[in-house]
Amino acid sequence: MADMNYDVIVIGGGPGGYVAAIRAAQLGLSTAVIEREHLGGICLNWGCIPTKALLRSAEVLHTMKNAAAYGLSAQGVSFDLPKVVERSRKVAGQLNAGVKGLLRKNKVTVIEGSAKLAGKGTVTVEKAGAPVGSYSAKHIIVATGARARTFPGLEDDGKLVWTYKKAMTPDVMPKSLLVIGSGAIGIEFASFYSALGAKVTIVEVMDRILPVEDEEISAFARKQFEKQGMRIITGGKAGNLRKGPDSVTAAIEHGGKTEDITVDRVIVAVGISPNTENLGLENTRVKLDRGHIVTNQWCETEEPGLYAIGDVTGAPWLAHKASHEGVIVAEHIAGKHPHPLDVRNIPGCTYSHPQVASVGLTEKKAKELGHEVRVGRFPFIGNGKAIALGEPEGMVKTVFDAKTGELLGAHMVGAEVTELIQGYGIAKTMETTEQELMHTVFPHPTLSEMMHESVLDAYGRAIHF
C-alpha cells in the first residue's frame with residue numbers, strides 16, 4: 001500500500017480530467033490522475049474521436065459513389081467493414097497514447113484503478129478488487145463522466161440491441177436499423193449506417209429531431225436525411241422489443257397507433273447517466289440534481305476542497321465543455337482568477353451528413369427570454385465555394401438582439417459547419433455586435449462568406465441572395 005500526498009488529485013482521465021491535471025501541473029501543483037479504464041475517457045476511446053473516424057470513412061464512400069458528379073469515374077466502389085472499424089480503433093489508440101505522453105511530459109502521476117473518497121482530502125484506489133493505495137490532496141477534482149442511459153427493455157445485449165460501444169465495433173453490417181433517439185449520437189450513427197447502405201428508421205419521442213437545435217435547422221436537416229432514404233418518426237415511443245435469432249421487432253407508438261417495425265439491429269441513443277456511484281459521495285456534503293453533481297461557477301461542490309467537472313455535472317454533455325472546466329478549476333485552485341464559463345458560448349456539433357452546428361440561443365428561446373430579435377439567413381446555394389464543392393444544400397442562420405445588436409445565437413446546417421461555428425463562438429465570447437461582424441472581411445471563395453451574408457441579411461443588406 002502506497003501513501004502519497006499531492007496538491008491535486010483528479011478522479012477520471014477523460015477530456016475534462018486529463019486537461020485539468022495537465023493545467024494544474026503547468027501551474028506548479030503536484031498532480032495525480034486516477035483512471036480505471038482508458039486515458040482520454042469515453043470521448044477519445046469510444047465517442048467523439050472514433051465516431052468521427054467512422055463517419056469520415058462513410059463520407060469518402062459517399063464521394064466515391066458520386067464520382068461522376070465531379071467528372072470522375074470509379075467502378076466497383078465498396079467497403080470492408082472490419083477495416084473501417086480497425087481504422088477507427090487505431091485512431092483512438094493513437095490518441096490514447098498521445099494523452100499518456102502529454103501527462104508524462106507534464107510530470108502528472110497516473111494511478112490505475114477505481115477511486116473512492118474516504119474522508120476529507122483522502123482517496124483510496126483499488127484495482128481488480130485489490131487495494132492499490134491511499135492518496136491525499138488539498139484539492140480533489142471529480143471528472144468521472146457519464147455512460148449511455150438505458151431503459152427497461154432497451155438494454156444493450158451485445159448482439160441485437162446496441163449502445164454506442166457496440167455500434168462502433170459491429171461484427172456485421174445490418175441491412176436494416178432502428179435508431180432510438182435523435183440527439184447528436186443517434187443522428188451520427190444513423191448517418192454512418194445509412195451511408196453504408198442500411199435502411200435506417202429513427203424514432204424520437206420529441207416532436208422533432210435534434211431537439212436542442214433551432215427548429216428551422218432541425219426541419220432542414222430532417223428533409224435532407226429523408227432525401228437520403230432515412231425514415232424519421234417524431235412524437236414516437238419505441239418499446240416491447242421482441243428478439244428473434246437475428247432480428248428485432250419493436251412496437252412503435254406514434255400518431256395514436258402502434259406499428260411493428262422489424263430490423264436487423266437496434267441502436268439505443270437516449271441520453272446519458274452520470275457516473276456518481278461508488279465514489280463515496282454519500283460521505284460528503286455534495287448535492288446531486290437528477291444524479292448530477294451540483295457545482296458553482298468555479299466547479300466547487302458543497303464539500304470544501306472537492307470539485308467536479310464535465311458530464312458528471314450535467315448539460316451540456318460535451319467534451320470541450322469538460323476540458324474548459326478543467327482549465328477553470330485548475331486555475332482557480334492556483335489563484336489565477338479565471339473567467340467563469342458561460343454555457344451560452346459553448347458550440348455544439350453533430351457530424352452527420354449534412355453537419356449541424358450551433359452556438360447560443362435559438363430564435364424561439366431568444367424570444368421566450370424577452371428579446372426583440374433580428375434574424376438573418378443565407379443558403380448554401382448562394383455560395384460559390386459550396387457549389388464548387390458539390391455541397392449546395394445548407395443554411396446559415398444568425399439571431400441578433402434588435403435593440404443592442406448583440407449576437408444571441410448562430411445556427412448552421414451543411415458541409416463543414418462544425419469547422420465554421422467557432423467563428424461565431426469567438427464573436428459571442430468577445431460580445432461582438434452586428435457592426436463588428438459586418439466590418440470583418442471574409443476571404444473569397446470560402447464557405448465562411450455565408451456567415452457574413454447571414455449577418456448582413458439580418459439587417460436587410462445581403463448581397464448574394
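Predicted model: local features only at pLDDT ≥ 70, side-chain atom pairs only at ≥ 80, totals over all residues.
Biologist: Understood. What covers the buried residues of α7?

Modeller: The cover includes α6, β11 (231-234), β21 (355-360), β23 (395-401) and β24 (407-414).

Biologist: And which residues in α7 are buried?

Modeller: They are I217, S218, F220, A221, Q224 and F225. These residues lie on the same side of α7, because they cover an arc of only 165° around the axis.

Biologist: Which residues are exposed on the other side of α7?

Modeller: K223 and K227 are exposed there.

Biologist: How many residues does α7 have?

Modeller: α7 has 13 residues, and its first and last C-alpha atoms are 19 Å apart. That is close to the 18 Å expected at 1.5 Å a residue.

Biologist: What about its two ends?

Modeller: At the start of α7, a side-chain oxygen of D214 comes within 3.0 Å of the backbone nitrogen of E216. After α7 comes G229, which has a positive phi near 105°.

Biologist: Let us turn to the core. How many residues has the largest nonpolar core?

Modeller: That core has 36 residues, and F192, Y193, V200, I202 and I267 have the most contacts inside it. Several elements give two or more residues to this core, among them α3 (48-65), α4 (81-105), β10 (199-204) and α7 (215-227).

Biologist: Which element gives the most to this core?

Modeller: α6 does, with five residues. In general, nonpolar side chains tend to be buried together in soluble globular proteins.

Biologist: You mentioned F192. What is F192 in contact with, leaving aside its neighbours within four places in sequence?

Modeller: F192 is then in contact with L54, L55, A58 and V84.

Biologist: A new topic: strand β4. Which residues are on its covered face, and which on the uncovered one?

Modeller: In β4 (residues 114-117), A115 and L117 make up the covered face, while S114 and K116 make up the uncovered one. In a regular strand, side chains alternate between the two faces of the sheet.

Biologist: In what sense do β4 and β5 pair, parallel or antiparallel?

Modeller: β4 and β5 (residues 122-127) pair in the antiparallel sense, over four bridges. In this pairing, A115 stands opposite V125 of β5.

Biologist: How many residues are between β4 and β5?

Modeller: There are four residues between these strands, which form a hairpin. G119, in the turn, has a positive phi of about 105°.

Terms used: Residues numbered from 1 in each chain as written. Heavy atoms only, no water. Core = buried A, V, L, I, M, F, W, Y, C linked by side-chain atoms within 4.5 Å. Buried < 20%, exposed > 50% of the residue type's maximum accessible area, 1.4 Å probe, protein only. Contact = heavy atoms within 4.5 Å. Pairing = 2+ DSSP bridges. Expected span 1.5 Å × (residues − 1). Arc of directions from axis to C-beta. Polar contact = N/O pair within 3.5 Å; in protein donor to acceptor, adjacent residues only side chain to side chain.
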